[in-house]
Amino acid sequence: MSEPITLNVGGKLYTTSLSTLTSFPDSMLGAMFSGKIPTKKDSQGNCFIDRDGKIFRYILNFLRTSHLDLPEDFQEMGLLRREVDFYQIQPLIEALQEKEVELSKAEKNAMLNITLDQKTQTVHFTVREAPQIYSLSSSNMEVFSAHIFSTSCLFLKLLGSKLYYCFNGNLSSISSYLQDPNHLTLDWVASVEGLPEEEYTRQNLKRLWVVPDNKQINSFQVFVEEVLKIAMSDGFCIDSSHPHTSDFMNNKIIRLIRYK
């Protein structure tokens with residue numbers, strides 16, 4: 001056994017051996033700890049790697065055992081994929097690909113159900129007409145809510161990669177709001193003509209966008225069209241038995257199923 005080495009990965013400390021870190025010489029870690037690439041040190045003299053510290057545990061365990069062991073409720077496959085790509089451990093890349101195929105096969109049959117709600121809300125705001133002159137204005141605003149349930153966790157992640165909230169001048173993926181792997185609730189508003197941009201932030205009003213099309217969702221019709229487009233590209237089709245045709249056409253309920 002070689003002398004233990006302590007790593008600081010994104011602020012999280014790990015202790016392992018040089019032989020473990022260099023077990024795959026062609027990897028990024030193999031190059032770093034064989035001297036081919038210089039390593040950085042933190043204030044305590046530990047080797048520092050500016051990557052995700054939490055995810056590194058799975059990478060280090062693979063170096064130790066040559067097995068990719070993930071918890072059953074693991075929800076950070078995208079992040080793990082990016083970290084694996086950085087460290088360039090070829091057997092781990094292959095193991096991750098096999099794991100993703102395994103998860104995909106486990107989700108062959110799936111159901112997607114979306115319940116929609118819409119209401120009109122009056123919003124009051126001030127308009128600056130001159131340097132020292134302000135006027136009070138009000139307008140009606142459409143407020144939307146979508147309650148989404150899917151037996152496919154992977155589909156909700158796919159949806160999260162396409163839909164983004166616009167808030168405080170920034171776009172953020174709805175994936176960050178996915179606390180339950182099978183449920184997602186979206187709340188957003190349509191743009192209001194004349195409402196200053198800063199008022200959306202002050203009144204905590206989020207708008208919804210589709211990327212990479214850079215398209216704002218200002219109505220349920222557009223929302224339904226975009227969700228159907230994403231769902232059907234993932235193998236879903238409309239359930240002919242439910243909901244009732246009138247409910248579907250009125251954008252109250254969307255139910256889709258997938259058989260593979």
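## Exercises: salt bridges and a helix pair

At 7% relative accessibility, R207 counts as buried. The model is predicted. Work through the tasks below with the structure open.

**Exercise 1. Which elements does the salt bridge of R258 and D234 link?**

Step 1. Confirm the pair. The side chains of R258 and D234 meet in a salt bridge, 2.7 Å from N to O.

Step 2. Locate the residues. R258 is in strand 13 (residues 253-258). D234 is in the loop between helix 8 (220-233) and strand 12 (237-238). The two residues are 24 apart, and the pair links distant parts of the chain.

Step 3. Check R258. Its relative accessibility is 4%, so R258 counts as buried.

Step 4. Look for shared partners. A search of the whole structure finds eight salt bridges.

**Exercise 2. Describe how helix 3 and helix 4 pack.**

Step 1. Take the geometry. The axes of helix 3 (residues 56-65) and helix 4 (residues 77-87) come within 10 Å and cross at roughly 50°.

Step 2. Classify the angle. Roughly parallel needs an angle under 35 degrees, and roughly perpendicular runs from 65 to 115. Helix 3 and helix 4 are therefore oblique to each other. The crossing is right-handed.

Step 3. List the contacts. F56, Y58 and I59 in helix 3 meet L80, E83, V84 and Y87 in helix 4. These residues divide into six nonpolar, no polar and one charged.

Step 4. Compare with burial. The buried residues of helix 3 are F56, Y58, I59, L60, F62 and L63.

**Exercise 3. Which residue forms a salt bridge with E83?**

Step 1. The partner is R51, with the closest N and O atoms 2.9 Å apart.

Step 2. E83 is in helix 4, and R51 is in the loop between strand 4 (47-49) and helix 3. They are 32 residues apart.

Step 3. E83 counts as buried at 5% relative accessibility. R51, at 26%, is partly exposed.

How values were computed
Residues are numbered from 1 along each chain as its sequence is written. This is a predicted model: local features need pLDDT of at least 70, side-chain atom pairs count only at pLDDT 80 or more; totals for chains, interfaces and linings use all residues. Side-chain values use heavy atoms; hydrogens and water are left out. Axes are lines fitted to C-alpha atoms, for helices over the stretch in contact, and angles run from 0 to 180 degrees between N-to-C directions. Helices (H or I, at least four residues) and strands (E, at least two) are DSSP runs, numbered from the N terminus. Angles under 35 degrees count as roughly parallel, over 145 as roughly antiparallel, 65 to 115 as roughly perpendicular and the rest as oblique. A crossing is left-handed if the near helix is turned anticlockwise from the far one by less than a right angle, and right-handed if clockwise. Contact means heavy atoms within 4.5 Å. Ala, Val, Leu, Ile, Met, Phe, Trp, Tyr, Cys and Pro count as nonpolar, Asp, Glu, Lys and Arg as charged, and the others, Gly among them, as polar. Buried means under 20% relative accessible area, exposed over 50%, partly exposed in between (1.4 Å probe, protein chains only). A salt bridge is a side-chain nitrogen of Lys or Arg within 4 Å of a carboxyl oxygen of Asp or Glu.
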